[in-house]
Amino acid sequence: MSGYTHLAEVGSTNDWLLARAEALPDGHWVIADRQTAGRGRRGRVWNDGAGNFMGSVLVKATGQVQQLSFVAALALHDALSALTGQPARFALKWPNDVLLDGAKCSGILLERVGEALVIGMGVNLAHHPDGTERPATSLAAAGLAVPTPAALLDELAAAFSHWRETWAAHGFAPIRAAWLARASGVGARIVARLGSESPEGIFTGLADDGALLMQLDDGSTRAIHAGEVFAL
């Protein structure tokens, strides 16, 4: 790990890094015990439960950096699998969630400022929100040993570095293959929510650019670049 900052409280770990992106080095991490303005994709609030992991990493890279969301997902999956010894209970959901026993336990948010990319990751270790649209869970609720956020950071930073180096050296192909090997629902029927339409079909894989590939009922394939997908 090239360096990290541990904060007792912050509005958002992503915002903290975005504000300091020029001054801090590539690979710098920040974690916080509390977030008062944490957020997920599409402006959703991210649960601020004491004992959960709330962290972000700064990336200074060129190329198809949006593919680093898959790098982050792989790193989270591998770190949680290593810490709990239960890899079969974790799975990845497109575009950037980690599932535990089929329920969401982690999310990823990418944000840019200039040439810098900040990747925020939240993991429900000790607590999870109730009343969410789709089921959520935590390691504690699932009966797993709960690591400290610092212990998760150690595993996560190492795994992220490994997969990032793989991506930098070999491109998206090995990331795509590794992600699909850990993915939930490949070959199963899904629905995509795309604003005014909700196509249904079979989740067949990922395109070379990371888009989700869906085989529609007429046999054609549609690439989904943005949206929400759910199992049927």
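How much accessible surface does the protein chain have, and what share of it belongs to carbon and sulfur atoms? In this predicted model, the accessible surface comes to about 10200 Å², and 51% of it belongs to carbon and sulfur atoms; areas come from the Shrake-Rupley method with a 1.4 Å probe, and for residues only the protein chains shown count as cover. Local features need pLDDT of at least 70 and side-chain atom pairs count only at pLDDT 80 or more, while totals for chains, interfaces and linings use all residues. Residues are numbered from 1 along each chain as its sequence is written, and side-chain values use heavy atoms, with hydrogens and water left out.

The overall picture comes next. The protein chain holds four helices and twelve strands, taken as DSSP runs numbered from the N terminus (helices: H or I, at least four residues; strands: E, at least two). Its radius of gyration is 17 Å, close to the 17 Å that the globule rule gives for 232 residues, so the chain is as compact as a globular protein of that length. Here the radius is taken over C-alpha atoms, and the rule is 2.2 Å times the number of residues to the power 0.38. Along the principal axes, the C-alpha atoms fill a box of roughly 55 × 40 × 35 Å. Of the 232 residues, 50% count as buried (under 20% relative accessible area, with exposed meaning over 50% and partly exposed in between; 1.4 Å probe, protein chains only). Among contacts (heavy atoms within 4.5 Å) between residues at least 6 apart in sequence, 63% join residues at least 24 apart.

Six bridges link β1 and β2 (residues 29–35) in the parallel sense, with Leu 7 opposite Ala 32.

Strands β5 (residues 97–100) and β6 (residues 103–113) pair antiparallel over four bridges, and Asp 97 stands opposite Gly 107. Of the two residues between these strands, Asp 101 takes a positive phi near 55°. Strand β6 is also joined to β7 (residues 116–123) by eight antiparallel bridges, where Glu 111 partners Val 118. That hairpin likewise has two residues between its strands, and Gly 114 takes a positive phi near 60°.

A second open sheet has five strands in the order β11-β10-β9-β8-β12, with antiparallel pairing. Strands β11 (221–224) and β12 (228–231) stand at the edges with a single partner each, so one side of each is left without a neighbour in the sheet. Neighbouring strands are turned by 45° against each other on average, direction ignored. Five bridges join β9 (residues 200–206) to β10 (residues 212–216), and Gly 205 has Leu 213 as its bridge partner.

Finally, Gln 67 sits in the loop between β3 (53–60) and α2 (68–84). Its relative accessibility is 8%, so Gln 67 counts as buried. Beyond its neighbours within four places in sequence, Gln 67 is in contact with Trp 167, Phe 172, Asp 208 and Asp 209. A polar contact of 2.9 Å joins the side chains of Gln 67 and Trp 167 (a pair of N or O atoms within 3.5 Å; within protein, one must be able to donate a hydrogen and the other to accept it, and residues adjacent in sequence count only if both atoms are side-chain atoms).

Key:
Two strands pair if DSSP finds at least two bridges between them. Axes are lines fitted to C-alpha atoms, for helices over the stretch in contact, and angles run from 0 to 180 degrees between N-to-C directions.
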